[in-house]
Each structure stands twice: as structure tokens, then as C-alpha cells.
Amino acid sequence: MALVRWDPIRDIERLEPFRELERWDPFREIDSLQRRMNRLFERMIPGDGGERTGLTFIPAAELEETDNAFKLKLEIPGLEAKDVNVEVTPEAVSITGERKSETTTEREGYTRSEFRYGKFQRVIPLPSTVQHEQAQAEYKDGILRLNLPKAEPQKQKAFKVNLG
């Protein structure tokens with residue numbers, strides 16, 4: 001087979017199938033990724049014009065295990081007890097609430113606020129089952145304290161299966 005120099009003008013018909021292929025541009029990929037990340041963060045942070053989209057904050061939690069119970073503390077300052085909802089199941093604790101905005105308008109000056117307002121939700125799975133009917137809660141000084149008594153381990157029962 002003889003080697004022939006490639007002439008793009010003469011051999012243009014052989015390039016037709018390759019016109020659909022695009023040259024890979026890593027900067028275009030980075031731009032696309034950045035736009036997607038920006039959209040993701042815009043959903044999580046409060047929007048413009050006072051409109052809220054998504055959750056505004058996730059309260060910090062601390063879980064301690066004792067011999068008889070789990071002690072759960074959640075840091076949610078600036079809320080009243082009526083604005084917090086706590087649900088306990090044998091396997092998890094769900095805490096939801098809303099910090100309402102105190103809107104002030106000033107005609108003369110400038111107001112800057114770094115407080116976070118809006119809804120939050122936190123679901124904390126428990127390492128073992130608890131007696132959810134016996135759960136106790138206390139809310140004081142911005143700290144929610146839950147006492148979750150452990151459930152008695154269920155005794156394994158043998159069950160006879162008939163084979164015929």
C-alpha cells in the first residue's frame with residue numbers, strides 16, 4: 001500500500017461522517033458544571049425579594065448514649081416552643097420548625113441582616129430502638145433537649161415450621 005499525502009480539499013467527502021464530532025473543550029465542561037452547582041446552591045439559600053426556596057439552615061445536634069436512654073440536644077436559638085415540631089418513632093427523631101422573619105424597613109438608612117429565617121428539618125436516626133411513647137422534651141435557652149428511653153431488646157422466639 002502506497003502512502004499518499006492527505007489533501008483536505010480533495011478528501012473533503014471522506015470527512016463528512018466526522019463533522020458531527022465536536023472538539024472536546026474542558027473549559028466548556030467546567031462552565032456547565034459551575035452553572036449546575038450555582039442552580040443547586042440557589043435552591044438551598046434564600047432567594048431574592050424575600051422569597052424563600054428550600055431550607056435555610058440545619059441545626060447542630062449532639063447525641064449521647066447512656067445505659068438506659070439516648071440524650072439528644074439540638075441548637076435552635078431564636079425560636080419559640082410553638083414554632084418547633086418534634087416527632088419520635090422507635091428508630092428516629094424528626095424535628096421541624098420555622099424561624100419567622102422580623103421585617104423592618106428603614107427609609108433613611110441601610111439595614112444588613114445575617115440572621116437566617118425560614119424552615120428547617122432534621123431527621124436523626126437512632127442507633128437502637130427507643131420507647132417513643134416515653135420520650136420527654138425540654139426547650140430552654142435555645143437548646144432542645146430530648147430524653148429517649150431505650151426499648152427492651154426483644155427476646156428471640158423460636159417458631160416451628162411444619163414441613164409437610
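Which residues does S128 touch, not counting residues up to four places away in sequence?

What we have here is a predicted model, so local features need a pLDDT of at least 70, side-chain atom pairs count only at pLDDT 80 or more, and totals for chains, interfaces and linings use all residues. Residues are numbered from 1 along each chain as its sequence is written, and side-chain values use heavy atoms, with hydrogens and water left out.

Back to the opening question. S128 touches F70 and P90, where contact means heavy atoms within 4.5 Å. You will find S128 in the loop between β5 and β6. In sequence, S128 and F70 are 58 residues apart, yet their C-alpha atoms are 9.3 Å apart in space. With a relative accessible area of 31%, S128 is partly exposed; buried means under 20%, exposed means over 50%, and partly exposed is in between, using a 1.4 Å probe and protein chains only.

The charged end of K150 sits over the ring of F70, 5.2 Å from its centre. For that we ask that NZ of Lys or CZ of Arg be within 6 Å of the ring centre and within 35 degrees of the ring normal.

Now the whole chain. There are two helices and seven strands, and from the N terminus on they run α-α-β-β-β-β-β-β-β. These are DSSP runs numbered from the N terminus: helices are H or I with at least four residues, and strands are E with at least two. Of the 164 residues, 19% count as buried. Among contacts with a separation of 6 or more, 52% are between residues 24 or more positions apart. The chain exposes about 14,400 Å², and carbon and sulfur atoms supply 52% of that area, by the Shrake-Rupley method with a 1.4 Å probe.

Let's look at a sheet. Three strands form an open sheet in the order β3-β4-β5, with antiparallel pairing; two strands pair if DSSP finds at least two bridges between them. The edges are β3 (84–88) and β5 (118–125), each with a single partner strand, so one side of each has no neighbour in the sheet. From one strand to the next, the twist averages 10°, taken between lines fitted to C-alpha atoms, with angles from 0 to 180 degrees between N-to-C directions.

Zooming in, β3 pairs with β4 (residues 92–99) over five bridges. Here E87 stands opposite S94 in β4. Is S94 buried or exposed? S94 is buried, with a relative accessible area of 17%. Leaving out residues up to four places away in sequence, S94 touches N85, V86, E87, Q121, R122 and V123.

Strands β6 (residues 136–140) and β7 (residues 143–149) run antiparallel and are joined by five bridges. What makes D141 worth a look? Most residues other than glycine have a negative phi. D141 is not a glycine, yet D141 has a positive phi of about 55°. At 71% relative accessibility, D141 counts as exposed.
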